[in-house]
Amino acid sequence: MELSEKTQDGPTGHTNSAFQTDESPHREEPNSNDLQSKRHINGDSIIISPLDDENIFTKSDKEASNHKRYFEKKYDAVCSFYNKHKATIKHVIYGILLAGFLAMVIAACALNFKRALALFVLTLLAIFFVCWDLFMDRYEGKIVKFFSPVGLFLKKQWFWLKWVVWLSLIAAVILWLIFDTAKMGSNQLISFGGLVMYILLMLIFSKHPTKVHWRQVFWGIGLQFLLGLLILRTKPGFDAFDWLGIQVQTFLEYSDTGSKFVFGEKYTDHFFAFKVLPIVIFFSTVMSMLYFTGFMQWLIKKVGWLMQITMATTPTESLVAAGNIFVGQTESPLLIRPYLEHLTKSEIHAVMTAGFATIAGSVLGAYISFGVSSSHLLTASVMSAPAALAVAKLFWPETEPVKITMKQGLKLEKGDARNILEAASQGASASISLVANIAVNLMAFLSLLAFFNAVLSWLGNMFDYPQLSFEVICSYVFMPFSFMMGVDWEDSFIVGKLIGYKTFFNEFVAYEYLAGLINKRKQNEPLFINGVKQYMSVRSEVIATYALCGFANFGSLGITIGGLSSMAPSRKGDIAAGAIRAMIAGTVACFMTACIAGILTPPIAQTVCSDVLASSFLNSTNLPVKTPEITDCCMTLYKWVIAESPTNFTIGGNYSMSALSGCCQLIDSPNFNCTWFTRSALGF
């Protein structure tokens, strides 16, 4: 069959007659109700044109469309109004919330000001810093310009002014030592001598002894001293940090809820695994949430700014040192991750030293749960930050041009969480590796310690000295360093052993051992057994707490090198080359913090509870005031009492019957029926 192709162009389309049949189909006149199509007849062709809206939509569809367009217009109008007045609306909402919060604070203060004092102080601090930030954002340039003539004048006259400053500083230190030694005793002089000794050792073994910038060194030590003076010697400072320590302990106890739910009511039977390690998880979660809100970045910037303007350190190393007060040695460098590739060797050394000289907030909670003083741990964490920068710049001074300055502006990295719940989940998940690392390292190191001690005892037995152990070796090696911090001579061997645990194993082992010593003292156990001292004085415990407060150990060495190398692969060689020096510098920074604590900690008389209770209940008619000291001693006394009945009991620990009856009138015993031993029952 032959097809003839004939193309015909119509006015409204293009047709091909080869595809047309001989017979024309039945044609229907187009009408408005045809919802399928609208056809136009053009010769033998049928051309389908696009549908008209009027033919597709019914009347109800048109009405719905009109309603939809109406709501869309209203919605667009609302959005337009919001976008136009977005700032005003936010300010109104924030103003309403702020007014509500202030009303709550005022109401709480009116009801009970003493109970609301903490909320009142925190509110004032928040208002101050918000106003300060707003003020500096607007007027910082004008303030700098206003005081620039003063800066120029000091710069011109600095040649002779610096001698006046140094002589005044030396005179102030001498006068302080004279008057403080006359008041507190000579132990402070040993701590001061230790501080000078560590500075000289760092200078002698410095990478560039002639390039040291002494402003950084002395300002770092000065900040340490001022912080210690404020916290350890002034009542408001001590009370504030003591209150803060109590709040931290209370806060960390909320982790018990999760532990109890997961592990059962008897979770404390496995104290370390189910009581201590969950604290790390809880704290990590909270820190992640604070990072998401931006609070941690704000706080770190403020502390870093203080160290930068006083010590003249670079922005990067100042921020990392400030960050290490709150987070760990691998998390803190993440704040400056984009800049790590551009740091000088001295800055890299300072970043690592800051990590070795401080501890993370997450493990801080674990040490507090051991029974170590929370206020001293918090103080040590804060004081070690400027000490780390001072020692780092003394041990490895800056000799290269700094690339990252304040003019370029530093932007702190934030997490990738999209909301606060995701941030909490990420914090909990991130703690898994930390918890596992702590657990397996403790198991491994304690097992190795037992093995080493067995081997050393075997070797020592050949020379009639089976007592030879790792602890004995560390006691003799680190004893001079601990004594120069101000530790009592008879306690210096014990502290030396703790420093050995911390350096060759980790600070977890050291703090656990220190907590055992503190517990023995509090329970008034025998001071000597077979001529071996069983625990230390309170002053030695305080100094040891500061000396151990850092990550400077051989286990952390690998963590630091691996963590920083992954963030800045091109600087792996510089990181590895400076790691050992940074660990030594971090250790010395902790020792210097302990020296400052030794200078500022007054001699503390050893409390003997039997003597305290004997003198307190000397008068049989009047009971003494229920002080914390008497309360603690009474609870200690109850542990020495074995009571089966009013006539069948024993009292140990050199306590008297009058002390037991007096305590029973003041405080009820959790171990036995105290009514058996009241003075009326005993006929006193």
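# Close-up views of a predicted model

**View A. Tyr501 is buried in this predicted model, with a relative accessible area of 3%.** Buried means under 20% relative accessible area, exposed over 50% and partly exposed in between (1.4 Å probe, protein chains only). Across the ring pair from Tyr501 sits Phe470, which counts as buried at 13% relative accessibility. Residues are numbered from 1 along each chain as its sequence is written. The model is predicted, so local features need pLDDT of at least 70 and side-chain atom pairs pLDDT 80 or more, while totals for chains, interfaces and linings use all residues, and side-chain values use heavy atoms, without hydrogens and water.

**View B. Phe470 and Tyr501 form a stacked pair.** Rings of Phe, Tyr and Trp (its six-membered ring) pair if their centres lie within 6.5 Å; planes under 30 degrees apart are stacked, over 60 edge-to-face, and the rest tilted. Phe470 belongs to helix α16 (residues 470-484) and Tyr501 to helix α17 (residues 489-504), so the pair ties together parts 31 residues apart in sequence. Helices are DSSP runs (H or I, at least four residues), as are strands (E, at least two), numbered from the N terminus.

**View C. Two charged side chains lie over ring faces.** Lys207 is over the face of Trp396, 4.9 Å from the ring centre. Arg581 takes up a place over the face of Phe395, at 4.0 Å from the ring centre. The criterion is NZ of Lys or CZ of Arg within 6 Å of the ring centre and within 35 degrees of the ring normal.

**View D. A disulfide joins Cys634 to Cys663.** Here the S to S distance is 2.1 Å, and a disulfide is a pair of cysteine sulfur atoms within 2.5 Å. The structure holds 1 disulfide. Its torsion about the S-S bond is about -75 degrees, so the disulfide is left-handed. Cys634 is in helix α23 (residues 628-639) and Cys663 in helix α24 (residues 657-666), so the bond ties together parts 29 residues apart in sequence. Cys634 is buried at 0% relative accessibility, and Cys663 is buried with a relative accessible area of 0%. For contrast, look at Cys590: the closest cysteine sulfur, in Cys549, is 6.6 Å from its own sulfur, too far for a bond. Cys590 is buried as well, with a relative accessible area of 0%.

**View E. Helix α22 (residues 609-616) has buried residues on one side.** Cys609, Ser610, Val612, Leu613 and Ser616 are the buried ones. They cover an arc of only 160 degrees around the axis (directions from the helix axis to the C-beta atoms), which puts them on the same side of α22. Asp611 and Ser615 are exposed on the other side.

**View F. Ala312 and Asp464 have positive phi without being glycines.** For Ala312, phi is about 60 degrees. Ala312 is in the loop between α10 (295-311) and α11 (315-323), and is partly exposed at 37% relative accessibility. Asp464 also has a phi of about 60 degrees. Asp464 lies in the loop between α15 (420-461) and α16, and is exposed with a relative accessible area of 70%.
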